[in-house]
Amino acid sequence: MAEIHLKSLAHSYSKSPSGPEDYAIRQLDHVWHKGGAYALLGPSGCGKSTMLNIISGLVQPSEGEVLFDGKRVNALSPRDRNIAQVFQFPVIYDSMTVYQNLAFPLKNNKVPSARIKERVQEIAEVLEIEDKLHKKAKNLTADEKQKVSMGRGLVREDVSAILFDEPLTVIDPQLKWKLRRKLKQIHEQFDITMVYVTHDQLEASTFADKIAVMYDGQIVQFGTPTELFEQPNHTFVGYFIGSPGMNLIDVERSATGVRFGSTEITLSPWQVEQLARLNSTNIKIGIRPEFIRLEMKPLDDSYEVEVMDMEDLGTYKIVDVGLEAQTLKVRVDEDFQVAIGSRLHLSMPSQWTMLYVDEFLIQEQS
Ligand SMILES: Nc1ncnc2c1ncn2[C@@H]1O[C@H](COP(=O)(O)OP(=O)(O)OP(=O)(O)O)[C@@H](O)[C@H]1O
(Lines give C-alpha, C1' and ligand atoms only; values in the text may rest on other atoms or scores of the structure.)
Protein backbone atom coordinates (compact mmCIF):
# COMPACT_ATOMS: atom_id res chain seq x y z
CA MET A 1 0.00 0.00 0.00
CA ALA A 2 1.40 3.39 -0.90
CA GLU A 3 0.81 7.10 -0.70
CA ILE A 4 0.47 8.32 -4.28
CA HIS A 5 1.67 11.85 -4.93
CA LEU A 6 1.06 13.49 -8.29
CA LYS A 7 3.51 16.37 -8.43
CA SER A 8 3.15 19.22 -10.95
CA LEU A 9 1.44 16.71 -13.18
CA ALA A 10 0.12 17.63 -16.62
CA HIS A 11 -0.70 15.60 -19.68
CA SER A 12 -1.43 16.38 -23.28
CA TYR A 13 -2.11 13.74 -25.90
CA SER A 14 -0.90 16.26 -28.49
CA LYS A 15 2.83 16.29 -29.30
CA SER A 16 2.91 20.07 -29.51
CA PRO A 17 0.20 21.50 -27.24
CA SER A 18 -0.43 25.15 -27.96
CA GLY A 19 -2.55 26.06 -24.92
CA PRO A 20 -4.38 24.77 -21.82
CA GLU A 21 -7.22 23.46 -24.01
CA ASP A 22 -4.79 20.90 -25.50
CA TYR A 23 -4.24 19.30 -22.07
CA ALA A 24 -6.30 16.36 -20.78
CA ILE A 25 -4.76 17.04 -17.33
CA ARG A 26 -3.88 20.64 -16.56
CA GLN A 27 -1.11 21.19 -14.10
CA LEU A 28 -2.09 19.76 -10.70
CA ASP A 29 -0.67 18.56 -7.40
CA HIS A 30 -2.54 15.88 -5.57
CA VAL A 31 -1.94 13.29 -2.86
CA TRP A 32 -3.92 10.07 -2.49
CA HIS A 33 -3.10 9.05 1.07
CA LYS A 34 -2.28 5.53 2.15
CA GLY A 35 -5.31 3.36 2.88
CA GLY A 36 -7.95 5.91 1.80
CA ALA A 37 -11.18 5.10 -0.04
CA TYR A 38 -11.39 7.78 -2.69
CA ALA A 39 -13.61 8.63 -5.62
CA LEU A 40 -12.57 10.60 -8.66
CA LEU A 41 -15.78 12.19 -9.89
CA GLY A 42 -16.42 14.24 -12.99
CA PRO A 43 -18.23 14.40 -16.33
CA SER A 44 -17.22 12.51 -19.44
CA GLY A 45 -13.96 13.75 -20.93
CA CYS A 46 -12.69 15.64 -17.86
CA GLY A 47 -9.56 13.48 -17.59
CA LYS A 48 -10.43 10.80 -15.03
CA SER A 49 -9.22 7.78 -17.00
CA THR A 50 -6.11 9.66 -18.07
CA MET A 51 -5.26 10.26 -14.42
CA LEU A 52 -5.77 6.58 -13.48
CA ASN A 53 -3.69 5.44 -16.44
CA ILE A 54 -0.90 7.82 -15.42
CA ILE A 55 -0.92 6.34 -11.89
CA SER A 56 -0.86 2.76 -13.16
CA GLY A 57 1.78 3.53 -15.79
CA LEU A 58 -0.34 2.85 -18.89
CA VAL A 59 0.15 6.51 -19.88
CA GLN A 60 3.39 8.48 -19.43
CA PRO A 61 2.61 12.04 -18.28
CA SER A 62 4.01 14.78 -20.49
CA GLU A 63 4.98 16.83 -17.41
CA GLY A 64 5.52 16.22 -13.70
CA GLU A 65 6.19 13.31 -11.41
CA VAL A 66 4.35 10.32 -10.01
CA LEU A 67 5.67 9.42 -6.56
CA PHE A 68 4.80 6.27 -4.57
CA ASP A 69 5.79 6.78 -0.93
CA GLY A 70 8.09 9.60 -2.07
CA LYS A 71 9.82 7.48 -4.75
CA ARG A 72 9.59 8.57 -8.37
CA VAL A 73 7.98 5.82 -10.47
CA ASN A 74 7.66 7.58 -13.85
CA ALA A 75 10.13 5.17 -15.42
CA LEU A 76 8.59 2.01 -13.91
CA SER A 77 6.43 -0.28 -16.04
CA PRO A 78 2.79 -0.90 -14.96
CA ARG A 79 3.83 -4.34 -13.67
CA ASP A 80 6.62 -2.94 -11.52
CA ARG A 81 4.32 -0.32 -10.03
CA ASN A 82 2.26 -3.06 -8.47
CA ILE A 83 -1.09 -1.42 -9.10
CA ALA A 84 -4.28 -3.38 -9.68
CA GLN A 85 -6.67 -1.78 -12.14
CA VAL A 86 -10.27 -2.79 -12.76
CA PHE A 87 -11.82 -1.48 -15.96
CA GLN A 88 -15.34 -0.70 -17.12
CA PHE A 89 -15.59 -4.00 -19.01
CA PRO A 90 -14.48 -7.39 -17.70
CA VAL A 91 -10.87 -8.37 -18.34
CA ILE A 92 -10.82 -12.12 -17.78
CA TYR A 93 -9.66 -15.27 -19.52
CA ASP A 94 -12.77 -16.91 -20.98
CA SER A 95 -11.15 -20.32 -21.37
CA MET A 96 -10.12 -20.49 -17.69
CA THR A 97 -12.35 -21.31 -14.73
CA VAL A 98 -13.25 -18.62 -12.22
CA TYR A 99 -10.76 -20.16 -9.79
CA GLN A 100 -7.97 -20.05 -12.38
CA ASN A 101 -8.80 -16.44 -13.25
CA LEU A 102 -8.61 -15.37 -9.61
CA ALA A 103 -5.49 -17.40 -8.93
CA PHE A 104 -3.67 -16.08 -12.02
CA PRO A 105 -2.29 -12.78 -10.59
CA LEU A 106 -1.08 -14.67 -7.49
CA LYS A 107 0.58 -17.45 -9.50
CA ASN A 108 2.36 -14.80 -11.55
CA ASN A 109 3.70 -13.33 -8.32
CA LYS A 110 4.88 -16.77 -7.10
CA VAL A 111 2.55 -16.82 -4.11
CA PRO A 112 2.66 -20.30 -2.43
CA SER A 113 -0.21 -22.50 -3.62
CA ALA A 114 -1.72 -23.01 -0.14
CA ARG A 115 -2.03 -19.24 0.25
CA ILE A 116 -3.47 -18.91 -3.28
CA LYS A 117 -6.20 -21.36 -2.34
CA GLU A 118 -7.08 -19.50 0.85
CA ARG A 119 -7.02 -16.10 -0.76
CA VAL A 120 -9.11 -17.09 -3.81
CA GLN A 121 -11.68 -18.62 -1.47
CA GLU A 122 -11.72 -15.46 0.69
CA ILE A 123 -12.26 -13.11 -2.27
CA ALA A 124 -14.83 -15.42 -3.89
CA GLU A 125 -16.81 -15.41 -0.65
CA VAL A 126 -16.71 -11.63 -0.35
CA LEU A 127 -17.93 -11.28 -3.94
CA GLU A 128 -20.42 -14.12 -3.50
CA ILE A 129 -19.13 -16.17 -6.41
CA GLU A 130 -17.78 -19.13 -4.41
CA ASP A 131 -20.31 -21.46 -6.06
CA LYS A 132 -18.96 -20.43 -9.50
CA LEU A 133 -15.30 -21.19 -8.82
CA HIS A 134 -15.21 -24.26 -11.05
CA LYS A 135 -17.28 -22.82 -13.85
CA LYS A 136 -15.61 -21.72 -17.11
CA ALA A 137 -15.55 -17.91 -17.27
CA LYS A 138 -17.12 -17.90 -20.75
CA ASN A 139 -20.31 -19.38 -19.28
CA LEU A 140 -20.84 -16.57 -16.77
CA THR A 141 -23.32 -13.70 -17.04
CA ALA A 142 -22.03 -10.15 -17.67
CA ASP A 143 -22.44 -9.32 -13.95
CA GLU A 144 -20.56 -12.41 -12.85
CA LYS A 145 -17.75 -11.75 -15.33
CA GLN A 146 -17.29 -8.25 -13.93
CA LYS A 147 -17.25 -9.64 -10.39
CA VAL A 148 -14.44 -11.97 -11.44
CA SER A 149 -12.65 -9.02 -13.03
CA MET A 150 -12.96 -7.10 -9.76
CA GLY A 151 -11.81 -10.18 -7.88
CA ARG A 152 -8.65 -10.31 -9.98
CA GLY A 153 -7.89 -6.79 -8.80
CA LEU A 154 -8.74 -7.51 -5.18
CA VAL A 155 -6.99 -10.84 -4.83
CA ARG A 156 -3.43 -9.51 -4.60
CA GLU A 157 -2.36 -8.55 -1.10
CA ASP A 158 0.82 -6.71 -2.05
CA VAL A 159 -0.62 -3.96 -4.27
CA SER A 160 0.24 -0.28 -3.86
CA ALA A 161 -3.37 0.63 -4.71
CA ILE A 162 -6.44 -0.59 -6.55
CA LEU A 163 -7.84 1.67 -9.23
CA PHE A 164 -11.41 1.18 -10.39
CA ASP A 165 -12.43 2.82 -13.67
CA GLU A 166 -16.26 2.92 -13.68
CA PRO A 167 -16.33 -0.78 -12.72
CA LEU A 168 -20.10 -1.07 -12.29
CA THR A 169 -21.20 0.22 -15.71
CA VAL A 170 -22.13 -3.25 -16.96
CA ILE A 171 -23.69 -4.33 -13.67
CA ASP A 172 -27.44 -4.63 -13.25
CA PRO A 173 -28.83 -1.61 -11.30
CA GLN A 174 -30.15 -3.86 -8.49
CA LEU A 175 -26.72 -5.35 -7.96
CA LYS A 176 -24.81 -2.08 -8.30
CA TRP A 177 -25.73 -0.83 -4.86
CA LYS A 178 -24.83 -4.14 -3.28
CA LEU A 179 -21.44 -4.29 -4.99
CA ARG A 180 -20.59 -0.73 -4.01
CA ARG A 181 -21.28 -1.61 -0.40
CA LYS A 182 -19.14 -4.71 -0.86
CA LEU A 183 -16.22 -2.68 -2.15
CA LYS A 184 -16.54 -0.39 0.83
CA GLN A 185 -16.58 -3.41 3.12
CA ILE A 186 -13.51 -4.84 1.37
CA HIS A 187 -11.77 -1.53 1.86
CA GLU A 188 -12.53 -1.57 5.57
CA GLN A 189 -11.47 -5.20 5.88
CA PHE A 190 -8.20 -5.02 3.93
CA ASP A 191 -7.32 -1.34 4.35
CA ILE A 192 -6.06 -0.81 0.78
CA THR A 193 -5.74 2.54 -1.01
CA MET A 194 -8.60 2.57 -3.50
CA VAL A 195 -9.42 5.16 -6.15
CA TYR A 196 -12.81 4.74 -7.76
CA VAL A 197 -13.61 6.64 -10.95
CA THR A 198 -17.20 7.52 -11.67
CA HIS A 199 -19.39 10.24 -13.14
CA ASP A 200 -22.19 9.38 -10.70
CA GLN A 201 -22.29 11.42 -7.48
CA LEU A 202 -24.30 8.80 -5.62
CA GLU A 203 -21.80 6.12 -6.52
CA ALA A 204 -18.96 8.39 -5.40
CA SER A 205 -20.47 9.27 -2.05
CA THR A 206 -21.56 5.74 -1.13
CA PHE A 207 -18.08 4.41 -1.79
CA ALA A 208 -15.65 7.15 -0.82
CA ASP A 209 -14.59 8.91 2.37
CA LYS A 210 -13.24 11.71 0.22
CA ILE A 211 -14.09 12.72 -3.33
CA ALA A 212 -11.89 14.53 -5.83
CA VAL A 213 -14.11 16.44 -8.26
CA MET A 214 -12.49 16.82 -11.63
CA TYR A 215 -13.48 19.37 -14.23
CA ASP A 216 -11.71 20.26 -17.41
CA GLY A 217 -8.45 18.52 -16.49
CA GLN A 218 -8.24 19.96 -12.98
CA ILE A 219 -9.21 18.74 -9.50
CA VAL A 220 -11.45 21.61 -8.43
CA GLN A 221 -12.21 20.22 -4.96
CA PHE A 222 -11.10 17.34 -2.77
CA GLY A 223 -13.39 16.85 0.19
CA THR A 224 -15.93 14.74 2.03
CA PRO A 225 -19.41 14.41 0.51
CA THR A 226 -20.67 16.88 3.15
CA GLU A 227 -17.96 19.44 2.32
CA LEU A 228 -18.79 19.21 -1.39
CA PHE A 229 -22.43 19.77 -0.60
CA GLU A 230 -22.13 22.54 1.96
CA GLN A 231 -19.06 24.42 0.72
CA PRO A 232 -18.61 23.86 -3.00
CA ASN A 233 -15.24 25.32 -3.79
CA HIS A 234 -16.02 25.89 -7.46
CA THR A 235 -19.26 26.66 -9.31
CA PHE A 236 -18.89 23.35 -11.15
CA VAL A 237 -19.00 21.43 -7.85
CA GLY A 238 -22.12 23.38 -6.88
CA TYR A 239 -23.77 22.56 -10.17
CA PHE A 240 -22.61 18.93 -10.44
CA ILE A 241 -23.27 17.78 -6.87
CA GLY A 242 -26.85 17.81 -5.64
CA SER A 243 -30.12 17.11 -7.35
CA PRO A 244 -30.94 19.63 -8.62
CA GLY A 245 -27.59 21.43 -8.37
CA MET A 246 -26.85 24.79 -6.78
CA ASN A 247 -28.65 27.93 -8.00
CA LEU A 248 -25.98 30.14 -9.56
CA ILE A 249 -26.72 33.76 -10.43
CA ASP A 250 -24.50 36.21 -12.31
CA VAL A 251 -24.28 39.40 -10.28
CA GLU A 252 -22.52 42.75 -10.39
CA ARG A 253 -20.99 44.85 -7.67
CA SER A 254 -23.19 47.32 -5.84
CA ALA A 255 -22.58 49.87 -3.09
CA THR A 256 -23.39 47.37 -0.32
CA GLY A 257 -22.59 44.02 -1.86
CA VAL A 258 -23.80 42.61 -5.15
CA ARG A 259 -26.97 42.82 -7.19
CA PHE A 260 -28.70 41.53 -10.28
CA GLY A 261 -31.25 43.84 -11.93
CA SER A 262 -32.67 45.82 -9.06
CA THR A 263 -32.30 42.97 -6.55
CA GLU A 264 -29.66 43.73 -3.93
CA ILE A 265 -28.07 40.69 -2.27
CA THR A 266 -26.82 41.19 1.25
CA LEU A 267 -23.41 39.64 1.73
CA SER A 268 -21.52 38.95 4.95
CA PRO A 269 -19.07 41.75 5.87
CA TRP A 270 -16.07 39.48 5.19
CA GLN A 271 -17.42 38.66 1.72
CA VAL A 272 -17.78 42.37 0.93
CA GLU A 273 -14.26 43.02 2.20
CA GLN A 274 -12.73 40.24 0.14
CA LEU A 275 -14.67 41.16 -2.98
CA ALA A 276 -13.30 44.70 -2.74
CA ARG A 277 -9.77 43.31 -3.11
CA LEU A 278 -10.52 41.59 -6.42
CA ASN A 279 -10.90 43.15 -9.87
CA SER A 280 -12.82 40.50 -11.74
CA THR A 281 -16.27 41.13 -13.14
CA ASN A 282 -17.02 37.40 -13.26
CA ILE A 283 -19.00 37.24 -10.01
CA LYS A 284 -21.73 34.80 -9.05
CA ILE A 285 -23.70 33.97 -5.99
CA GLY A 286 -24.69 30.39 -5.31
CA ILE A 287 -27.24 28.86 -3.00
CA ARG A 288 -28.49 25.30 -2.84
CA PRO A 289 -32.24 24.61 -3.34
CA GLU A 290 -32.23 22.97 0.11
CA PHE A 291 -31.13 26.18 1.86
CA ILE A 292 -33.59 28.70 0.36
CA ARG A 293 -36.67 29.47 2.43
CA LEU A 294 -40.07 30.23 0.98
CA GLU A 295 -42.59 32.10 3.16
CA MET A 296 -46.15 33.23 2.69
CA LYS A 297 -45.44 36.58 4.41
CA PRO A 298 -42.53 38.97 3.82
CA LEU A 299 -39.53 38.83 6.16
CA ASP A 300 -36.93 41.58 6.76
CA ASP A 301 -34.56 40.22 4.16
CA SER A 302 -36.93 38.47 1.77
CA TYR A 303 -37.61 38.99 -1.92
CA GLU A 304 -40.99 38.70 -3.57
CA VAL A 305 -41.04 35.88 -6.14
CA GLU A 306 -43.54 34.26 -8.47
CA VAL A 307 -44.14 30.50 -8.49
CA MET A 308 -43.42 29.34 -12.04
CA ASP A 309 -43.55 25.56 -11.70
CA MET A 310 -43.58 22.76 -9.18
CA GLU A 311 -42.33 19.19 -9.49
CA ASP A 312 -43.42 16.48 -7.06
CA LEU A 313 -40.59 14.04 -6.50
CA GLY A 314 -42.40 11.79 -4.05
CA THR A 315 -40.64 12.57 -0.80
CA TYR A 316 -40.11 16.29 -1.58
CA LYS A 317 -41.03 18.92 -4.16
CA ILE A 318 -38.95 21.29 -6.25
CA VAL A 319 -40.51 24.70 -6.78
CA ASP A 320 -39.27 26.99 -9.57
CA VAL A 321 -39.64 30.63 -8.59
CA GLY A 322 -39.01 33.71 -10.71
CA LEU A 323 -37.01 36.58 -9.27
CA GLU A 324 -36.60 39.29 -11.94
CA ALA A 325 -35.20 37.41 -14.95
CA GLN A 326 -33.79 34.55 -12.85
CA THR A 327 -35.43 31.24 -12.07
CA LEU A 328 -34.39 29.68 -8.75
CA LYS A 329 -35.06 26.14 -7.64
CA VAL A 330 -36.23 25.60 -4.07
CA ARG A 331 -36.62 22.27 -2.30
CA VAL A 332 -39.72 22.10 -0.10
CA ASP A 333 -41.49 19.44 1.92
CA GLU A 334 -43.79 16.99 0.24
CA ASP A 335 -46.89 18.55 1.80
CA PHE A 336 -46.08 22.07 0.52
CA GLN A 337 -49.06 23.36 -1.48
CA VAL A 338 -49.04 26.43 -3.68
CA ALA A 339 -50.69 27.49 -6.94
CA ILE A 340 -48.60 28.27 -10.01
CA GLY A 341 -48.56 32.03 -10.51
CA SER A 342 -48.90 32.87 -6.80
CA ARG A 343 -46.51 35.25 -5.13
CA LEU A 344 -44.29 34.15 -2.21
CA HIS A 345 -41.37 35.55 -0.24
CA LEU A 346 -37.94 34.04 -0.59
CA SER A 347 -35.03 34.40 1.78
CA MET A 348 -31.45 33.26 1.42
CA PRO A 349 -29.68 32.71 4.76
CA SER A 350 -26.30 34.44 4.53
CA GLN A 351 -24.57 31.38 5.96
CA TRP A 352 -25.57 29.44 2.83
CA THR A 353 -25.11 32.21 0.28
CA MET A 354 -21.79 31.54 -1.43
CA LEU A 355 -19.85 34.11 -3.39
CA TYR A 356 -17.81 33.02 -6.41
CA VAL A 357 -15.25 35.10 -8.24
CA ASP A 358 -13.83 33.65 -11.47
CA GLU A 359 -15.81 30.50 -10.57
CA PHE A 360 -13.93 29.88 -7.27
CA LEU A 361 -15.46 30.26 -3.81
CA ILE A 362 -14.51 33.28 -1.73
CA GLN A 363 -13.74 31.81 1.66
CA GLU A 364 -13.57 33.41 5.06
CA GLN A 365 -9.94 33.92 6.06
CA SER A 366 -9.16 32.48 9.46
N1 LIG B 1 -5.60 8.14 -26.37
C2 LIG B 1 -6.05 9.38 -26.50
N3 LIG B 1 -5.62 10.16 -27.51
C4 LIG B 1 -6.06 11.44 -27.65
N5 LIG B 1 -6.92 12.05 -26.82
C6 LIG B 1 -7.38 11.32 -25.78
C7 LIG B 1 -6.97 9.95 -25.58
N8 LIG B 1 -7.59 9.50 -24.46
C9 LIG B 1 -8.35 10.52 -23.99
N10 LIG B 1 -8.23 11.61 -24.79
C11 LIG B 1 -8.87 12.92 -24.58
O12 LIG B 1 -8.46 13.40 -23.30
C13 LIG B 1 -9.54 14.01 -22.60
C14 LIG B 1 -9.77 13.31 -21.28
O15 LIG B 1 -10.21 11.99 -21.54
P16 LIG B 1 -10.43 10.88 -20.40
O17 LIG B 1 -10.80 9.61 -21.09
O18 LIG B 1 -9.26 10.88 -19.50
O19 LIG B 1 -11.69 11.49 -19.65
P20 LIG B 1 -12.72 10.77 -18.68
O21 LIG B 1 -13.07 11.79 -17.67
O22 LIG B 1 -12.19 9.47 -18.21
O23 LIG B 1 -13.97 10.53 -19.63
P24 LIG B 1 -14.97 9.26 -19.72
O25 LIG B 1 -15.77 9.28 -18.46
O26 LIG B 1 -15.79 9.57 -20.93
O27 LIG B 1 -14.10 8.05 -19.86
C28 LIG B 1 -10.74 13.95 -23.56
O29 LIG B 1 -10.80 15.16 -24.26
C30 LIG B 1 -10.38 12.81 -24.48
O31 LIG B 1 -10.97 12.99 -25.76
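1. Tyr356 stands opposite Leu361 in strand β21, and the two residues belong to the pairing of strand β20 (residues 354-357) with β21, which is antiparallel and runs over 2 bridges. Strands here are DSSP runs of E of at least two residues, helices are runs of H or I of at least four, and both are numbered from the N terminus; two strands count as paired if DSSP finds at least two bridges between them.

2. Residues are numbered from 1 along each chain as its sequence is written. The model is predicted, with local features requiring pLDDT of at least 70 and side-chain atom pairs counted only at pLDDT 80 or more, while totals for chains, interfaces and linings use all residues.

3. Strands β20 and β21 are part of an open sheet of 6 strands, ordered β13-β12-β11-β14-β20-β21 with antiparallel pairing. The edges of this sheet are formed by β13 (263-265) and β21 (360-361), each of which pairs on one side only.

4. A second open sheet has 4 strands in the order β2-β1-β4-β5, again with antiparallel pairing. Because β2 (25-32) and β5 (71-72) stand at its edges with a single partner strand each, one side of each is left without a neighbour in the sheet. Strand β4 (residues 63-68) pairs with β5 in the antiparallel sense over 2 bridges, and Phe68 stands opposite Lys71 in β5. Helix α1 (residues 48-56) packs on this sheet, where α1 touches β1 (4-11), β2 and β4, and its direction makes about 120° with that of β1. Contact means C-beta atoms, placed from the backbone, within 7 Å, and angles run from 0 to 180 degrees between N-to-C directions, with axes fitted to C-alpha atoms, for helices over the stretch in contact.

5. The residues around the ligand are Tyr13, Ala24, Gly42, Ser44, Gly45, Cys46, Gly47, Lys48, Ser49, Thr50 and His199, a residue being included if its C-beta atom, placed from the backbone, lies within 6 Å.

6. In helix α3 (residues 98-108), the residues Val98, Tyr99, Asn101, Leu102, Ala103 and Leu106 are buried, meaning that 20 or more other C-beta atoms, placed from the backbone, lie within 10 Å of their own. The elements covering these buried residues include α4 (113-126) and α5 (142-154). Just after α3, Lys110 takes a positive phi of about 60°.

7. The domain assignment, which is automatic or taken from a database, gives domain 1 (4-232) and domain 2 (243-294 + 301-361), and the C-alpha centres of domain 1 and domain 2 lie 38 Å apart.

Methods. A residue is buried if 20 or more other C-beta atoms lie within 10 Å of its own, exposed if 12 or fewer, and partly exposed in between; C-beta atoms are placed from the backbone. Two residues are in contact if their C-beta atoms, placed from the backbone, lie within 7 Å.
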